[in-house]
Amino acid sequence: MEEKKPDLWLIAAILGILIIGVVMVYSSSSIWSEYKFDDPWFYAKRQILFATAGLIAMVVLSRIPYYVWHGHSKMIMIICLVFLVLVLIPGVGMVRGGARSWIGVGMFSIQPSEFMKLGLILFLARFLSERQKLMNSFQQGFLPALALILFPFALIMLQPDLGTGVVMVGTCLVMLFTAGARISHFMWIAGAGAAGMVGLIASAPYRIKRITAFLHPWEDPLGAGFQIIQSLYAIGPGGLMGLGLGNSMQKFFYLPEPQTDFIFAVLAEELGFLGGLLVLGLFFVLLWRGIRASLLAPDLFGSLLALGIVGMISIQVMINISVVTGLIPVTGITLPLVSYGGSSLTLTLASLGLLLSVSRFSTK
């Protein structure tokens with residue numbers, strides 16, 4: 001395969017979003033981190049550390065030919081599954097916000113479900129590329145692939161982490177459809193999936209509260225509806241140009257932990273509609289170049305790998321923005337490359353390194 005120059009459009013979009021993210025993590029978290037840790041830079045310094053580690057991983061992975069990972073994808077998948085099991089063991093997994101989703105490593109913690117998203121994309125790309133001719137068969141192609149997806153999803157739901165599970169399954173279904181699965185196959189599982197989703201929501205009272213808060217947030221403005229109301233209070237005053245960087249009012253203990261799930265609300269408050277449009281524009285460039293890399297990949301494995309990565313990021317962006325603007329219930333999904341986070345930021349940048357590697361071997 002002929003190796004080409006890196007995709008500068010893609011690199012520029014990644015770095016642009018990342019820089020905005022670091023700035024907004026400091027701006028949104030400075031008040032809270034000074035109150036909690038007596039250091040306004042607490043979250044920003046850690047974000048810079050995670051971003052540096054992620055950028056190093058991105059550069060290294062972008063230089064390794066993507067097809068090398070075809071042979072290692074099975075072992076990567078097994079390791080990710082082992083960590084998903086370990087996190088469920090009391091004393092090993094750490095409980096935060098009611099979910100046992102983290103494993104402590106020194107002063108830091110890792111989230112195995114984030115590793116699983118990338119691990120499953122890698123293995124599913126291999127699985128589907130080797131069985132493409134069987135994908136028009138429900139029993140021989142679609143059903144085995146679906147079982148491969150649902151097993152790690154079940155482990156993630158035991159934590160529980162519905163948001164991450166939905167992103168992972170949504171990404172994999174896009175890959176299945178692209179690999180040749182028939183629409184009729186999806187119709188067969190649509191009813192079961194809908195029933196399962198209702199069951200998952202009904203099984204956890206806090207998920208029911210999120211649904212009711214989404215429908216009628218003002219019925220419980222200090223409880224279940226608090227986050228979405230405060231998010232809309234942040235977005236509204238932003239207007240076209242915003243209140244100015246650092247001038248958010250909602251970060252003064254109104255919007256809970258504004259550096260994570262609701263960081264886009266603070267961004268819209270401080271930078272306005274134009275600032276939000278800039279971020280969405282950069283994500284659009286990332287989506288455009290990612291789809292281009294998928295279409296021009298020299299083999300099906302590379303094509304599905306690129307599609308899975310750009311699909312994962314795009315689904316997370318759509319869910320996060322929809323939550324922040326009140327279009328869907330709260331899910332706990334962060335905004336890729338922008339929200340504060342260790343495992344999520346590092347793994348997203350590592351994933352983009354694989355995407356850059358695929359783009360380097362494009363056929364045009």
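User: Is S343 buried or exposed?
Analyst: S343 counts as buried, because its relative accessibility is 9%. Buried means under 20% relative accessible area, exposed over 50% and partly exposed in between, with a 1.4 Å probe and protein chains only.

User: What kind of model is this?
Analyst: This is a predicted model, where local features need pLDDT of at least 70, side-chain atom pairs count only at pLDDT 80 or more, and totals for chains, interfaces and linings use all residues. Residues are numbered from 1 along each chain as its sequence is written, and side-chain values use heavy atoms, with hydrogens and water left out.

User: Which helix holds S343?
Analyst: S343 lies in α12, residues 343–360. Helices are DSSP runs of H or I with at least four residues, strands are E runs of at least two, and both are numbered from the N terminus.

User: What does S343 touch?
Analyst: S343 touches S109, I110, Q111, E114 and F115, leaving out residues up to four places away in sequence. Contact means heavy atoms within 4.5 Å.

User: How do α4 and α12 cross?
Analyst: Their axes come within 9 Å and cross at roughly 20 degrees. That makes α4 roughly parallel to α12. Axes are lines fitted to C-alpha atoms, for helices over the stretch in contact, and angles run from 0 to 180 degrees between N-to-C directions. Under 35 degrees is roughly parallel, over 145 roughly antiparallel, 65 to 115 roughly perpendicular, and the rest oblique.

User: Which residues of α4 and α12 meet?
Analyst: E114, F115, L118 and L122 in α4 meet S343, S344, L347, S351 and L354 in α12. By class, that contact has five nonpolar, three polar and one charged residues. Ala, Val, Leu, Ile, Met, Phe, Trp, Tyr, Cys and Pro count as nonpolar, Asp, Glu, Lys and Arg as charged, and the others, Gly among them, as polar.

User: And α3 with α4, at what angle do they cross?
Analyst: The axes of α3 (residues 73–86) and α4 (residues 112–130) cross at roughly 150 degrees and come within 8 Å. So α3 and α4 are roughly antiparallel. The residues of their contact divide into 12 nonpolar, three polar and two charged.

User: New topic. How many residues of α11 are buried?
Analyst: In α11, 23 of the 25 residues are buried. Just after α11, G326 takes a positive phi of about 80 degrees.
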